[in-house]
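Subject: Structure handover

Hello,

Please find the structure below. My notes on it follow.

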Amino acid sequence: MTARLPGLVVLVIAGLYGWQALQIPVFAADAREAMTAQTMPLVLAGALSIIGVTLLFPHKSGVSLVSTLSADYRRWWQAFGLLTVCIVFGLVIEPLGVLSASALALLASLLVLGVRHRPTLLWVPLLVSAALWALLVGLLGLYLDPGSLWIADV
Amino acid sequence: MFEGLLIGIETAFTPFNILMVMLGCFTGTFIGMLPGLGPATAVALMIPMTYSLDPSAALILMAGVYYGAAFGGSTSSILINTPGCSSSVVTTFDGFPMAQQGMAGKALAIAAWASFVGGIVGAVGLLVASPLLAELALTFQSPEYFAMMAMGLAAVASLSGEGQVLRGYAMAIVGMMLATVGTDGISGLPRLTFGRLELVDGLSFLLIAMATYALAEVVLVILQDRMNDGDHIRSTQARDLRLSRQDVRDIAAPVARHSITGFLIGVLPGAGATVASFLSYAMEKKLAGPNAVPAFGEGNPRGVAAPECANNAASTGSFVPLLTLGIPGSGTTAIMLGALIAHGLQPGPRLYVEHPEVFWSVIVSMFLGNLMLLVINLPMISWLARLLRIPQSILMPIVLLFCLLGVYLVSFDPTDVTVMVIVAVFAVGLRLLDFPLAPLLLGFILGGFLEENLQRSLILYDGGWQFLWERPAALVMSIMTILFLMWPMSARIRRGR
């Protein structure tokens, strides 16, 4: 089953994409042309399906990198935690602004990766986010919104 | 050519651009040293920084990061037996044994000099080959462009690596599928946008690059337990960086040989620095014979010099198809191509005519960058190596922050951050199933142009496909495409016999 997984994944992608490609509207005037908005997507879906079917029957078992994954469940929590930090960063960046959101994201990532040394937890987020902010605003001349939360307070 | 060269010198030798080369080499060396983070990640992380720069400075910075990262990759290969990127895997074979025998400084110096010569030979090749190829490519029209892009995609996918060819093709197609999202060039209507306004302009290239090369890499470093705590680096000694006359005599011939082969391999779309380094090591081992002292794999300096000059020459060589044809030869140059497009430039023969300052300044900066790596980075290597002592539990969050800010600052749309996470999770899954991601990126970048040029060609030829055989250049490239597609099959048949 593991050997057929890549083929199955490719077939699912091809199927979903092909179904979406069939929903692309085509004007009646364009329908007679050699190429419409649907042509390339349908060709791609067809080609991917053929590859998917071929991958279902591998002539030898492929090199699966799944075996290289850590057996330590903490690594999985760390990876999940970092991705959660990313999503939360996206949610808070507009109210908090780039500087505060960056510092908090760094602090949270350090905690997720197991850093407990207090000076590190204090100085790394502060210095790195301040340096990045200075680089973006001072050197590269970008305008960075201070964050709606702080503007509302003013 | 000389006029162009003067334009390049004038542009590249401004104080700001020299600073960009230095910054690129230094940052690239540092990122390249970090296990797991190779040149592609390093270049992807730098893209947001380039948006406020002019295109010449941006490309000079990214080129500096590219060969700086290759140099950094060899450093960690030699010092801690952990290659920073795939092209420096071979360097561990003899570089680390040399370090274990107390010759880390010598191994680093050999790697640096070999890289320097490889880089300079590559830059000379780029200087000579690029204008010739660009002049030829100026005669190209839509049919040739379509055939050329099809050839580039076929080449990159077919050279994906042992057992990865079909997966390479699958990824190139998935990349092209992602490129179809957005406004359709034929009808002008939104296509595959699910009614969302954010998708009308298509998916952001930077988002895809950051998700597949940077964020996915961070997640994989954690999941594969590749994080070091920096403690094991304290024992490395890299002080004596001098080479004796005998050392120079030993490595001179391999360096000369493999600089040229490396460049030629680099010019081929898809082959790249990794193939060049493995091939040159295998060739040198064969040439040295079984009686080489010390044996290959036990600290032979030729085993460090050959792959190092070949991978640097190949990295430079990969700029030939990028600059002259607009076809990136590797994942890293694919990211650079995307960044150039974001700057409003279309790499290819028109770049040579319309933006000669960009074209030539990049070539000139190659000489400058390689010199800087040797003169500035090499003496600083023991200091730079100390940065490896910083635990990755501190470095990885900083890389993560670069990804987040990079994606957010392009669109100022927080939704992009969430989309990046989704794409990264998808990319991690694909990587674990051994799908190569470079063809995906290439398909994403070339997919739109391929469709556009196919459509124009079909209009020119009243819906017929005869443009593929009636136009000589398109015919040659179509044949090459077929050969690239057939190559893996013929290789399998040969192995079967």
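**Where the two chains meet**

In chain B, 50 residues are in contact with 61 residues of chain A (contact means that the C-beta atoms, placed from the backbone, lie within 7 Å). The largest share of chain B's side, eleven residues, comes from α18(B). By class, that side has 34 nonpolar, nine polar and seven charged residues (nonpolar: Ala, Val, Leu, Ile, Met, Phe, Trp, Tyr, Cys and Pro; charged: Asp, Glu, Lys and Arg; polar: the others, Gly among them).

This is a predicted model, in which local features need pLDDT of at least 70 and side-chain atom pairs count only at pLDDT 80 or more, while totals for chains, interfaces and linings use all residues. Residues are numbered from 1 along each chain as its sequence is written, and chains are lettered from A and ligands numbered from 1 in the order in which they are written.

Chain B has 22 helices and two strands (DSSP runs numbered from the N terminus: helices are H or I, at least four residues; strands are E, at least two). Buried residues make up 63% of its 497 residues (buried: 20 or more other C-beta atoms within 10 Å of the residue's own, again placed from the backbone).

The largest nonpolar core has 214 residues (a set of buried Ala, Val, Leu, Ile, Met, Phe, Trp, Tyr and Cys residues joined through C-beta atoms within 7 Å). Helix α6 (residues 104-137) of chain B gives the most to this core, 17 residues. Leu404(B) is among the residues with the most contacts inside the core. Leaving aside neighbours within four places in sequence, Leu404(B) is in contact with Cys86(A), Phe89(A), Ala105(A) and Val417(B).

Regards

Methods
A residue is buried if 20 or more other C-beta atoms lie within 10 Å of its own, exposed if 12 or fewer, and partly exposed in between; C-beta atoms are placed from the backbone. Two residues are in contact if their C-beta atoms, placed from the backbone, lie within 7 Å.
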